[in-house]
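This briefing goes through one protein model by topic. Please keep the sequence and the coordinates open while reading.

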Amino acid sequence: MDIQLNPAQTLIVAVDDDPIILFLLKEIFEGRAELDTYNSGDEAMRGMIMNGRVPDLILLDYLMPGQNGVEVLKELRNHPLLNEVPVVLLTGDLDTKLEAEVLSAGANDFIRKPFVPQVVLMRVEMLLKYRKLRNHLESEVREQTRLAEGRREQIERIFEQMLLALTKTIDAKDLYTRGHSQRVAQYSRLLAALDGCDKQRQQEIYYMGMLHDIGKIGIPDTIITKPDKLTDEEFAKVKSHPQIGGGILDMITDFPELGVGARWHHERYDGKGYPDGLKGEQIPAPARLIAVADTYDALTSRRSYRDILPQSVVRAELQKGSGTQFDPHYAELMLKLIDADKNYTMHEQLPEEEEKADNGLAAAQAGALDHA
């Protein structure tokens, strides 16, 4: 069997204190691979590190002066550049105990002395082919992971753009609530970050906040934009929007929590909210968080009947509702954001003004974390 190794591309290191063994190995690999030889483990380690070229395979004698082959092997496996190089141990004294020690130390194979040249070539070719295949597979996995990550990011962008288009349609029903859903989503993400949620969870809560008012799509425009006081019947229709929104989002089965904010953001911590009259921790945590963000935006937005409320009034209202309307934990987090917003610039930053909004919200979050 003729082994097709490429001397221009294959570097093998042989370590043995017997010059005859090194001579035989040179004869075996002549014209097939580049061979660097060393007489001891210490010399080999120094030579490979100084050479700066990682070999494709190492042939390592077991019995040598100074460090034995297993000791050198352990040193190789702890070296950041050499730890994955295939190693074949050469020995004439391989019993069952030593065989187990050699393999547990990280050897890829072993060859008994005196060796048959053709066997050495076959073992080396097999290991080099295995290493090449493994490297190819690892490279392919990295590439497929990169492509999958790119597709995932693209899908997320499309998903977020669809949510944005949908929420703008909802918010456009009322001149005075334009940007409301996006701001609530941003405040919700801030609160989630302040609460210690990881980036993935923050994004999930952001999506829930973005769609919290989706049920208003089922409420007539004449009711939503009515300048006068609503009748009991009209108010009952408005109060149905959480159920409508929850029903719409329940159809998205791959994200079962998506409708949590839509259905329960009008529940109260004291159980006096709607639509289900849930109380305390019966209300899902994201809905309790979004309820605080929703109220903050309502208090800090212009309405047909009033201007933006002063920050002190907003703070007082949220503090007053803590433990009754709001979960006191999330109310406290919002109070920290308010206290960090020294110049009262966090409110009504429309998401279209992305840079300004991001800077203002980031500053508020950083300030709140400093005071946490």
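The protein chain of this predicted model has 15 helices and five strands. It is made up of 372 residues, of which 45% count as buried.

**Aromatic pairs and cluster**

- The structure contains three aromatic pairs.
- One of them joins Phe 159 and Tyr 207 in an edge-to-face arrangement, with 4.9 Å between the ring centres and 85° between the planes.
- Phe 159 belongs to helix H5 (residues 117–171) and Tyr 207 to helix H7 (residues 199–210), so this pair ties together parts of the chain that are 48 residues apart in sequence.
- Phe 159 has a relative accessibility of 26% and counts as partly exposed, because that value falls between the limits of 20% and 50%.
- Tyr 207 has a relative accessibility of 7%, which means that it counts as buried, the limit being under 20%.
- Phe 159 and Tyr 207 also belong to one aromatic cluster together with Tyr 206.

**Charged side chains over rings**

- Arg 189 is placed over the face of Tyr 206, at 3.9 Å from the ring centre.
- Tyr 206 is itself a member of the cluster with Phe 159 and Tyr 207.
- Lys 239 is placed over the face of Tyr 274, at 4.9 Å from the ring centre.

**Packing of H7 and H12**

- Two packed helices are described by the angle between their axes and the distance between the axes.
- For H7 and helix H12 (residues 285–299), the angle is about 65° and the axes are 10 Å apart.
- The crossing of H7 and H12 is right-handed.
- On the H7 side, the contact is made by Arg 201, Ile 205, Met 208 and Gly 209.
- On the H12 side, the contact is made by Pro 286, Leu 289 and Ile 290.
- By class, the residues of this contact of H7 with H12 are five nonpolar, one polar and one charged.

**Arg 131 in H5**

- Arg 131 is located in helix H5, the helix that also holds Phe 159.
- Is Arg 131 buried or exposed?
- With a relative accessible area of 15%, Arg 131 is buried, because the value is under 20%.
- Leaving aside residues up to four places away in sequence, Arg 131 touches Val 54, Pro 55 and Asp 56, and also Glu 84, Val 85 and Pro 86.

**Gly 52 in a loop**

- Gly 52 sits in the loop that runs between helix H2 (41–51) and strand S3 (57–61).
- The relative accessibility of Gly 52 is 66%, so this residue counts as exposed, the limit being over 50%.
- Gly 52 and Leu 81 are 29 residues apart along the chain, and their C-alpha atoms are separated by 9.1 Å.

**His 329 in H14**

- His 329 is part of helix H14 (residues 328–340).
- His 329 counts as partly exposed, because its relative accessibility of 40% lies between 20% and 50%.
- The C-alpha atoms of His 329 and Asp 195 are 9.2 Å apart in space, while the two residues are 134 residues apart in sequence.

Note on methods
Residues are numbered from 1 along each chain as its sequence is written. This is a predicted model: local features need pLDDT of at least 70, side-chain atom pairs count only at pLDDT 80 or more; totals for chains, interfaces and linings use all residues. Side-chain values use heavy atoms; hydrogens and water are left out. Rings of Phe, Tyr and Trp (its six-membered ring) pair if their centres lie within 6.5 Å; planes under 30 degrees apart count as stacked, over 60 as edge-to-face and the rest as tilted. Helices (H or I, at least four residues) and strands (E, at least two) are DSSP runs, numbered from the N terminus. Buried means under 20% relative accessible area, exposed over 50%, partly exposed in between (1.4 Å probe, protein chains only). A charge sits over a ring if NZ of Lys or CZ of Arg is within 6 Å of the ring centre and within 35 degrees of the ring normal. Axes are lines fitted to C-alpha atoms, for helices over the stretch in contact, and angles run from 0 to 180 degrees between N-to-C directions. A crossing is left-handed if the near helix is turned anticlockwise from the far one by less than a right angle, and right-handed if clockwise. Contact means heavy atoms within 4.5 Å. Ala, Val, Leu, Ile, Met, Phe, Trp, Tyr, Cys and Pro count as nonpolar, Asp, Glu, Lys and Arg as charged, and the others, Gly among them, as polar.
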